[in-house]
Amino acid sequence: MFDLIIRGGDVVTPQGVIRGDVAVAGETIAAIAAAGALSTETAKRVIDATGHVVMPGGIDPHVHLHHVWTKPDGTPLITAGSEQVGRAALHGGTTTFIDFAYWRGGLSAQQAVETRDKDFVGKSPCDWAYHIMLHSEPPPEFSGQLAEAIQAGYPTLKIFTTNILPARSGRMIDFDDIWEAFQVLAKEGGLGVIHAEDNDIVMHMYAKLIREGRVGFEYPAEVHNQLSEDLSFRRILRLAQSVPGTALYMMHVSAGTGVAAIAEARAKGLPIYGETLHQYLLYSQDDYKRPNGQIYHTYPSLKSAEDQKALWYGTANDTIHCIATDELCCALKDKTIGNRIDDTTGGNSGVEPRLGVMYTEMVVRRGYSLSQYANLVSSNAAKIMGLYPKKGAIAPGSDADIAILDPTQRGKVRAADLHETDYTPWEGHDIFAWPVVTILRGKVMVEKSEYFGSPGDGRYLKRKISSRTLSGAAS
């Protein structure tokens, strides 16, 4: 007896799209068969998915929940946590996200994980994992602790090559420490996840624009510019090349120069992967001039229309492998509280509309296949981050994490209809499909806008980076 049969949908499997039935037993997928082949009498419940897309639950590999951001007056902004954002994610078809555990302040790597658990355990309705985030001046013993963390199921290390803002310190890692970290990652089978900008260029441009009196938030593309991405990407990739076996995931690629650097590294056979964000694909630096233009911003900044074209090219040519959000959920008043190039709130409230928006832009407007779409919003993240095939696949034995999309839905994205916060940068965006059912490990979490999840439904996911990822063949 199955617990659930999803009947007659267009099912996105690892082998391609079939019209079929998906059977769920307990928390996992038990069988896939041709449409109508599984008797409804063999299931406790049947969901009719005729005319719908049945795909793996979305995976967002880049979120910042219950994150501390400093406001312009120096007071802390605590962003929305895993319960609020997880609920929104599930309404939008996303079932798993990866956040960060902050390794700093004299903590060991294990203590960093345990501290971060307080923000997720018993609170998150989604499954989750952490990248361990290294901070400036790591202690001499960090190499040994990193090796232990990788073997304990925490195999991804976040590294910054800039402090991002002039008043901020503690983020940027010096290249001698990065070199040491890469040697551990290569030896132990870890993956570096990199925020790469050239700190000298970034800080020089802040100082230059401030001297010139061009301090409005509409100028960040001159600070976090294409040259910064070019120099930083090429330096970090050359360092990785010098340590054989170093695999990297370049976060929030925003410029054509970054796309080109990744493409060249992959052409050399290096295991390098690229991530972009959906706002980079659809908004440009010109959108900063719109009312409340801060809502489109994150770090690095939006770039030009030509950079957008390069990013889209990368998604179709094995250079950009994942479309994430850099989620940082706050109220509109906090997102727009900064109005200077050096105090604008980063991040993006985008986890809920991500699948719907990208279906419109990829499948409907650009002709991407359903498989390409599912790879970019789910499966590739699972493969690269050590979750596949437990996550990111509709296949027997995989977790029953499933999003069912209705491609007949029409409308506009409206903040009033969402569950994240009081604004959305996607206000007015066309809807050509939307998740109508979201299932996490066999439990129906959302159905026809009704929420059935609970804060304790999510689980932490320990991971191991696959040999395919480490060889560059994960996508």
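Y296 is buried, with a relative accessibility of 6%; here buried means under 20% relative accessible area, exposed over 50% and partly exposed in between, using a 1.4 Å probe and protein chains only. This is a predicted model, where local features need pLDDT of at least 70, side-chain atom pairs count only at pLDDT 80 or more, and totals for chains, interfaces and linings use all residues. Residues are numbered from 1 along each chain as its sequence is written, and side-chain values use heavy atoms, with hydrogens and water left out.

Y283 is also buried, at 9%. On to the rings. The structure holds 11 aromatic pairs, meaning rings of Phe, Tyr and Trp (its six-membered ring) with centres within 6.5 Å; planes under 30 degrees apart count as stacked, over 60 as edge-to-face and the rest as tilted. Two of these pairs are shown below.

| Pair | Centre distance | Plane angle | Type |
|---|---|---|---|
| Y130 and Y460 | 4.9 Å | 45° | tilted |
| Y283 and Y296 | 4.5 Å | 50° | tilted |

Y130 belongs to strand β10 (residues 127-134), while Y460 is in the loop between β21 (450-451) and α14 (467-471), so their pair links parts 330 residues apart in sequence. Helices (H or I, at least four residues) and strands (E, at least two) are DSSP runs, numbered from the N terminus. Y130 is buried too, at 0% relative accessibility. Along with F120, W128, Y154 and Y460, Y130 makes up one aromatic cluster.

Now for helix α10. Its 12 residues (305-316) reach 17 Å from first C-alpha to last, close to the 16 Å expected at 1.5 Å a residue; that expected span is 1.5 Å times one less than the number of residues. Among the buried residues of α10 are L311 and W312. The charged end of R366 sits over the ring of W312, 3.8 Å from its centre, where "over" takes NZ of Lys or CZ of Arg within 6 Å of the ring centre and within 35 degrees of the ring normal. At the start of α10, a side-chain oxygen of S304 comes to within 3.3 Å of the backbone nitrogen of E306. Just past the helix, D318 has a positive phi of about 60°.

What about α7: how far apart are its end C-alpha atoms? They are 24 Å apart, which agrees with the 24 Å that its 17 residues should span at 1.5 Å a residue. Buried residues of α7 include F233, I236 and L237.

Note on methods:
A polar contact is a pair of N or O atoms within 3.5 Å; within protein, one must be able to donate a hydrogen and the other to accept it, and residues adjacent in sequence count only if both atoms are side-chain atoms.
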